[in-house]
Protein chains: 2
Amino acid sequence: MYAERLSRTRSRMDELGVDLLLLSVGADLPWLSGYRAMPLERLTMLVVPVEGDATMVVPRLEAPRVVERPEVFHLRSWNETDDPVALVAELAGAPRAVAVGDRTWARFVVELQARLPGARWTAASAVTGALRAVKDPAEVDALRRASAAADRVAAQLQAGDVPVIGRTEAQVSADLGRRLLAEGHAAVNFAIVAAGANAASPHHDPGPRVIGPGEIVLCDFGGTMPDGYCSDITRCVHTGEPPSELCDLYLVLEAAQAAAVDAAVVGTPCEDVDAVARRIITEGGYGEHFIHRTGHGIGLEEHEDPYVVGGNREPLAPGHAFSVEPGIYLDGRFGARIEDIVVATATGPDALNRVPHGLAVVEA
Amino acid sequence: MYAERLSRTRSRMDELGVDLLLLSVGADLPWLSGYRAMPLERLTMLVVPVEGDATMVVPRLEAPRVVERPEVFHLRSWNETDDPVALVAELAGAPRAVAVGDRTWARFVVELQARLPGARWTAASAVTGALRAVKDPAEVDALRRASAAADRVAAQLQAGDVPVIGRTEAQVSADLGRRLLAEGHAAVNFAIVAAGANAASPHHDPGPRVIGPGEIVLCDFGGTMPDGYCSDITRCVHTGEPPSELCDLYLVLEAAQAAAVDAAVVGTPCEDVDAVARRIITEGGYGEHFIHRTGHGIGLEEHEDPYVVGGNREPLAPGHAFSVEPGIYLDGRFGARIEDIVVATATGPDALNRVPHGLAVVEA
């Protein structure tokens, strides 16, 4: 699998005139090598020339973690007082065009640039993004398992099994995180809990605000499974019966989300899926309150290609996996968002999240 | 506080001939502004010219999270279809020398470089590293609270309250993580659990290996407190009575660790602290098995300046906070490490971790 991915990566490097790929922290590295670098100041870097052997440069104390795959890379460890940047530069030779992993730390980029003068630098996603965006069947299964685990937590929330009233947003967030772990995730990436007016802030940081009766509670949570694949789901609940104005808004949002999922047909440009959600929300009178894109790709990263956003004319392909998550935010009052992970398939959009989308009422 | 930090940062920029500082993900940003950027593909960047106003560029949907501090920065939010890199470039003007946050994603660095041709680029730690390394009394208190929280978990481990025998390394790791959260951490950064021969791999990834009787279990764990400051501690336990060879090794390690802590006196070069631990371990016959540096600074980041490593001639100053964590690793057999966080003070080294250093025996 990794050898085949390396081969496709090199074809793409060749097409783009990139003669060196340098991968460090981020998901390109595990996708290509099976190894995830520790996000530390000790450099780990996979050095991939367009032709010839690839080399994984790792700190000596992390070398035992690496499963060497001779068909993909050889291992080269460095000691604490060695200079790993010099080692990478030596392996790099004199490249003309370098693609560097998108999340590689800037400090290594600027040091490498000083050692490899005259090279043109681009982000590695130019090489890997379109390749990684198309999930193979095993990857779709992994995403399905991740979504099912998140669904189990969402179902507990909707059933009222996650106490909400009288607890702080931060407490509910921690509870959702624990439940993600209990349902099989290896790590929690985020658990946004935003109550009442805080729900009008799409990336609200859950805080000490105590949740009371008569409030919407927006919960957007996800994590990474042991195999590296991510979940991401948003559901809203209401403490007690919601007011009719919120019900009206929520019906518009539900219709927009469902229509955008249905529009995610192979061949449709990503921006058209965004436009479907945006049109329905605009027709419902809330256009100016939908202040973000409709979605993002998901896989080994929580956000990756393809992005479901105005301006992205990339047509959906079988195996594209992405979120569909429109939202409506009324500043100072309340907000709502509904999110599923969807896979584009030859037989139509496949929504991996299956829990109901409605505004569940939870009591104390 | 932030205004004063900004003033010192600008003095340092001036000294180094840096006319623009660009900060994104990583700890420089919260240290200087009180705001921590979300590690996502939507760019957050604080643009700090050496003179004139600083501007925080944030995605519109994250703007409500930011507490604006007019004495430090103004806020400038961007919409989903705007180009944040163009916005930063516009605010940047035509800098000659740019310092960019060490952990800023490479994709933004290469895009910004294309927009700011002719500038010289360096890592922001050249500007901020020495400033952030010196903790003020409130920061030392924050580190003390973080260490005390980690100590409580370590004490539970040593008392046998964390079941070890019959569980997998991964299960014990998850348990330690839950306990870090229960003791007040907001996030778990790592919880290495390495049993038997796995303890010879300093950064072992806890896995499905079941821990049995008669094994050393190396536990290195830490997290981030709600105020952003980090903990980091390593203790080893043994399931049942340890063999005499391991006891001998452990006594050497304990002596080396204690001597290195005692050597961490203001004015001593960092590398001399490393040399003290290394000399004792070498004299004990294990020199080639101590394969990493003695320590790293700690604060808003789990690893930061100053590094306690050969080659770092920086003298310790009051307020320097760092780990002292020698280890001995016998390939294929076992390993051990002992780690405390230490603050250099005018009255001598202050070890923040207070739980015993010995090899505690835990039973089933």
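This is a predicted model: local features need pLDDT of at least 70, side-chain atom pairs count only at pLDDT 80 or more; totals for chains, interfaces and linings use all residues.
1. Let us start where the two chains meet. The contact draws 40 residues from chain A and 40 residues from chain B. Putting the two together buries about 3400 Å² between chain A and chain B, and carbon and sulfur atoms account for 60% of that area.

2. Side chains of opposite charge can pair when their charged atoms come close. Polar contacts across the interface of chain A and chain B come to 17 residue pairs, with both residues at pLDDT 80 or more.

3. Which elements of chain A give two or more residues to the side that touches chain B? They are helix α4 (106-115) and strand β6 (120-123) of chain A. The largest share comes from α4(A), with five residues. Sorted by class, the side of chain A that touches chain B holds 16 nonpolar, 11 polar and 13 charged residues.

4. The side chain of R115(A) forms a salt bridge with that of D83(A), at 2.5 Å from N to O. This pair links distant parts of the chain: R115(A) belongs to helix α4 of chain A, while D83(A) sits in the loop between β4 (74-78) and α3 (84-92) of chain A, 32 residues apart.

5. Now to a sheet in chain A. Four strands make up this open sheet, in the order β7-β8-β9-β17, and their pairing is mixed. The edges are β7 (187-195) and β17 (360-362) of chain A, each of which pairs on one side only. On average, neighbouring strands of the sheet are turned by 30° against each other, with direction ignored.

6. Within that sheet, you can follow one strand pair residue by residue. Strand β8 (residues 216-224) and strand β9 (residues 233-239) of chain A pair in the antiparallel sense, over six bridges. For example, D220(A) has T234(A) in β9(A) as its bridge partner. Helix α7 (residues 169-182) of chain A packs on the sheet and touches β7 and β8 of chain A, with its direction at about 145° to that of β7(A).

7. In chain B, four strands form an open sheet in the order β7-β8-β9-β17, with mixed pairing. Its edge strands are β7 (187-195) and β17 (360-362) of chain B, and each pairs on one side only. Neighbouring strands here are turned by 30° against each other on average, direction ignored.

8. Strand β8 (residues 216-224) and strand β9 (residues 233-239) of chain B are joined in the antiparallel sense over six bridges. There, L218(B) has C236(B) in β9(B) as its bridge partner. Helix α6 (residues 137-158) of chain B packs on the sheet, where it touches β8, β9 and β17 of chain B, and its direction makes about 5° with that of β9(B). Helix α7 (residues 169-182) of chain B also packs on the sheet, touching β7 and β8 of chain B at about 145° to the direction of β7(B).

9. Where is G214(B) found? The loop between β7 and β8 of chain B holds G214(B). Leaving aside residues up to four places away in sequence, G214(B) touches H238(B) and T239(B). The C-alpha atom of G214(B) is separated by 9.5 Å from that of I165(B), and these two residues are 49 residues apart along the chain.

10. In chain A, a cis peptide bond joins D305(A) and P306(A), with omega about 0°. In chain B, the peptide bond from D305(B) to P306(B) is cis, and omega is near -5°.

Notes:
Residues are numbered from 1 along each chain as its sequence is written. Chains are lettered from A and ligands numbered from 1 in the order in which they are written. Side-chain values use heavy atoms; hydrogens and water are left out. Contact means heavy atoms within 4.5 Å. Buried area is the accessible area (1.4 Å probe) that two parts lose on being put together, summed over both. A polar contact is a pair of N or O atoms within 3.5 Å; within protein, one must be able to donate a hydrogen and the other to accept it, and residues adjacent in sequence count only if both atoms are side-chain atoms. Ala, Val, Leu, Ile, Met, Phe, Trp, Tyr, Cys and Pro count as nonpolar, Asp, Glu, Lys and Arg as charged, and the others, Gly among them, as polar. Two strands pair if DSSP finds at least two bridges between them. Axes are lines fitted to C-alpha atoms, for helices over the stretch in contact, and angles run from 0 to 180 degrees between N-to-C directions. A salt bridge is a side-chain nitrogen of Lys or Arg within 4 Å of a carboxyl oxygen of Asp or Glu.
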